[in-house]
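Subject: Structure handover

Hello,

Here is the structure I promised to pass on. Please open it alongside this email. My notes follow below it.

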Amino acid sequence: MPDYTLRIRRFDPKSGEAAYWDEHQVELGERNSVLDAILKVRDEVDGSVGIRCSCQQAICGSCGVRMNGKPGLACNTHLEVAAARRHGTGRNPVQDGDGAGAGIIEVEPMGNMPVIRDLIVDMDAVHWKKIERVTPFLINKEPVPEREYIVPHDNMVDVTQTMACIQCGACVSDWPVDGDRSAVHRTGRVGQGLPLRR
């Protein structure tokens, strides 16, 4: 089985200490998920690692994190995929050679949200407050019909695409801090230069 280096960003705002990287070697199959690796570390090495997860089937959206600089669901991201992503520093963390290491995976909390502890963010502070302001239904501009509303096909496409969203907050995590929604990826990385503890 490949041996991955899992670097977890650890931070407890209540402690008063600075954030740091906690590094672990994880031996799992390449098709295992990043969440599998985090839970393995939590169960076998350090029970204090903070991660939010529930369904483990990419339905609830609670395990959203940043993996090698890109947001996504930890339960729905294979280790090999996360390790192969280009990191925000411009380097490719995948190691070549004899299989001594399958790759480095840095896991951070989602961006643009206050950190509660480790990989757990306060989604109420940013994401859910915005969702609450959304009107989740179509508003007809014409008088109420006698029998039924006939909704144009284009409007139904808009509604069904919105309904497919699981509200995980990954898109909010990747928006630039200045609010420019035209850019897909952030230009800077929060948390670079953190000290490493083992």
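Is C60 buried, partly exposed or exposed? C60 counts as partly exposed, because its relative accessibility is 33%. Buried here means under 20% relative accessible area and exposed means over 50%, with partly exposed in between (1.4 Å probe, protein chains only).

Some ground rules. This is a predicted model, so local features need pLDDT of at least 70 and side-chain atom pairs count only at pLDDT 80 or more, while totals for chains, interfaces and linings use all residues. Residues are numbered from 1 along each chain as its sequence is written, and side-chain values use heavy atoms, with hydrogens and water left out.

Overall layout

The protein chain has five helices and eight strands. Both are DSSP runs, numbered from the N terminus: helices are H or I with at least four residues, strands are E with at least two. From the N terminus on, the order is β-β-α-β-β-α-β-β-β-α-α-α-β. Of the 198 residues in the protein chain, 38% are buried. Take the contacts (heavy atoms within 4.5 Å) with a separation of 6 or more: residues 24 or more positions apart account for 57% of them.

Helix 1 has these buried residues: V34, L35, A37, I38, L39 and V41. Their cover includes strand 1, strand 2, strand 3, helix 2 and strand 5 (103-108).

Y20 sits in strand 2. Y20 is buried, at 17% relative accessible area.

Cysteines

There are zero disulfides in the structure. A disulfide is a pair of cysteine sulfur atoms within 2.5 Å. C60 is in no disulfide, and its nearest cysteine sulfur, that of C55, is 3.6 Å away. C63 is in no disulfide either; there the nearest cysteine sulfur belongs to C75, at 3.6 Å. C63 counts as buried, with 3% relative accessibility.

Salt bridges

Side chains of opposite charge can pair when their charged atoms come close. The criterion used is a side-chain nitrogen of Lys or Arg within 4 Å of a carboxyl oxygen of Asp or Glu. Searching the whole structure gives nine salt bridges.

Start with R10. D46 and R10 meet in a salt bridge, 3.1 Å from N to O. D46 lies in the loop between helix 1 (34-44) and strand 3 (64-67), and R10 lies in strand 1 (residues 3-10), so this pair ties together parts 36 residues apart in sequence. D46 is partly exposed, at 22% relative accessible area. R10 is buried, at 5%.

R10 also forms a salt bridge with D118, the closest N and O atoms being 3.0 Å apart. That pair links distant parts of the chain: D118 is in the loop between strand 6 (115-117) and strand 7 (120-121), R10 is in strand 1, and they are 108 residues apart. Both D118 and R10 are buried.

Which residues are linked in a network of salt bridges? The network holds R10, D22, D46, R117 and D118.

One further pair is R31 with E80, with the closest N and O atoms 2.8 Å apart. R31 lies in the loop between strand 2 (20-27) and helix 1, and E80 in helix 2 (residues 79-84), so the pair ties together parts 49 residues apart in sequence. R31 counts as exposed, at 54% relative accessibility. E80 is partly exposed, at 28%.

Cavity and pocket

Rolling a probe the size of a water molecule over the atoms shows where empty space is left. The search runs on a 1 Å grid over the protein atoms alone: a cavity is a set of points where a 1.4 Å probe fits but cannot get out, a pocket is an open set with protein on both sides within 12 Å along at least five of seven lines, and lining residues have an atom within 4 Å of a point.

The structure holds one cavity of 30 Å³ or more. The largest cavity has a volume of about 40 Å³. Its lining consists of R52, S62, C63, G64, M110, L119, I120, V121 and M123.

The second largest pocket has a volume of about 260 Å³. It is lined by 12 residues, and N140, Y149, I150, V151 and P152 lie nearest its centre.

Best wishes

Key. Grid points are joined across faces, edges and corners, and a volume is the space filled by probe spheres set on the points.
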